[in-house]
Amino acid sequence: MKTTVIILAASTALAACAANEQISETGQTVGQWRIDVNENAGPGCFAVRNFVDPNSEVQMGINATSTPPSGYLSIFVQGYEGIAPGQSIPATFTVGDREFTGTFTGQDTAGFGGATVPVDNAEFIYDLGNYDELTISYGDDRRVIVPLDDVDPAIAALRSCQEGL
């Protein structure tokens, strides 16, 4: 099965953080979210939630390779082949009444296809607990809605993880 990762045009460091994720062995589960450390992100902590139908996962994390640290949102869908490596498509991430637009650029990876979107402020990631859902729109009318109703304890654990590094 061919898989693709869609990555918003960003710095090489952020692309390395998401595409070549080196996960630590110290992860913890908080509700439906797993908190772990990405060594390639500075190191930086991230939270992951898995979904079914389609099999997918959403990540929100801290990129500590920048000063001050920034953040990122990622979505990965099993078997998604909607974008070829190097190809670009528009995408929109909507949280509450805030909308973020950009361009995803495809990159090969194993297992899942998806998108990583950098945000310039780590506080944006920590503030996601103030919202009910995150909507990701991309390609030809594709949309993924991520419920955030249970994210508050995961955000607290994410912050604690990052402060402990």
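Throughout this tour, a residue is called buried when its relative accessible area is under 20%, exposed when it is over 50%, and partly exposed in between (1.4 Å probe, protein chains only). Under that rule Arg49 is buried, with a relative accessible area of 8%, and Arg49 will be one of our stops.

The model on your screen is predicted: local features need pLDDT of at least 70, side-chain atom pairs count only at pLDDT 80 or more, and totals for chains, interfaces and linings use all residues. Residues are numbered from 1 along each chain as its sequence is written, and side-chain values use heavy atoms, with hydrogens and water left out.

**Start with the whole chain**

Show the cartoon. You will find three helices and 11 strands; helices (H or I, at least four residues) and strands (E, at least two) are DSSP runs, numbered from the N terminus. Follow the chain from the N terminus and the order is β-α-β-β-β-β-β-β-β-β-α-β-β-α.

Of the 165 residues, 45% count as buried. Contacts (heavy atoms within 4.5 Å) also reach along the sequence: among those between residues at least 6 apart, 56% join residues at least 24 apart.

Now colour residues 33–38, which are β3, and 44–51, which are β4. These two strands run antiparallel and are joined by five bridges; strands count as paired if DSSP finds at least two bridges between them. Click Ile35 and look across to Ala47 in β4, its bridge partner. The hairpin here has five residues between the strands, and Gly42 takes a positive phi near 130 degrees.

Move on to β5, residues 56–63. β4 and β5 pair in the antiparallel sense over six bridges, and the hairpin between them has four residues, with Asp53 in the turn at a positive phi of about 60 degrees. As background for these spots, most residues other than glycine have a negative phi, and most peptide bonds are trans.

β5 and β6 pair in the antiparallel sense over eight bridges, and a hairpin of six residues joins them. In that loop sits Pro68, and a cis peptide bond joins Thr67 and Pro68, with omega about -5 degrees.

**Zoom in on Glu57**

Glu57 is in strand β5. Asn50 stands opposite Glu57, and Glu57 in turn stands opposite Phe76 in β6. Which residues does Glu57 touch, leaving aside neighbours within four places in sequence? They are Val48, Arg49, Asn50, Ser74, Ile75 and Phe76.

Glu57 is buried yet has no salt bridge, a term that here means a side-chain nitrogen of Lys or Arg within 4 Å of a carboxyl oxygen of Asp or Glu. The nearest side chain of opposite charge, Arg34, is 5.5 Å away; Lys and Arg count as positive and Asp and Glu as negative, while His and the chain ends are not counted. The side chain of Glu57 does make a polar contact with the side chain of Gln59 at 2.9 Å. A polar contact is a pair of N or O atoms within 3.5 Å; within protein, one must be able to donate a hydrogen and the other to accept it, and residues adjacent in sequence count only if both atoms are side-chain atoms.

**Find the salt bridges**

How many salt bridges does the structure hold? There are two.

- Select Arg49 and Asp150, whose closest N and O atoms are 3.4 Å apart. Arg49 lies in β4 and Asp150 in the loop between β11 (142–147) and α3 (152–163), so the pair ties together parts that are 101 residues apart in sequence. Asp150 is partly exposed, at 22%.
- Select Arg159 and Glu123, again with closest N and O atoms 3.4 Å apart. Arg159 lies in α3 and Glu123 in α2 (residues 122–126), so this pair ties together parts that are 36 residues apart in sequence. Arg159 is partly exposed at 28%, and Glu123 is partly exposed at 35%.

**Last stop: Ser160**

Finish in helix α3 with Ser160, partly exposed at 48%. Draw a line from its C-alpha atom to that of Cys45: they are separated by 9.2 Å, though the residues are 115 apart along the chain.
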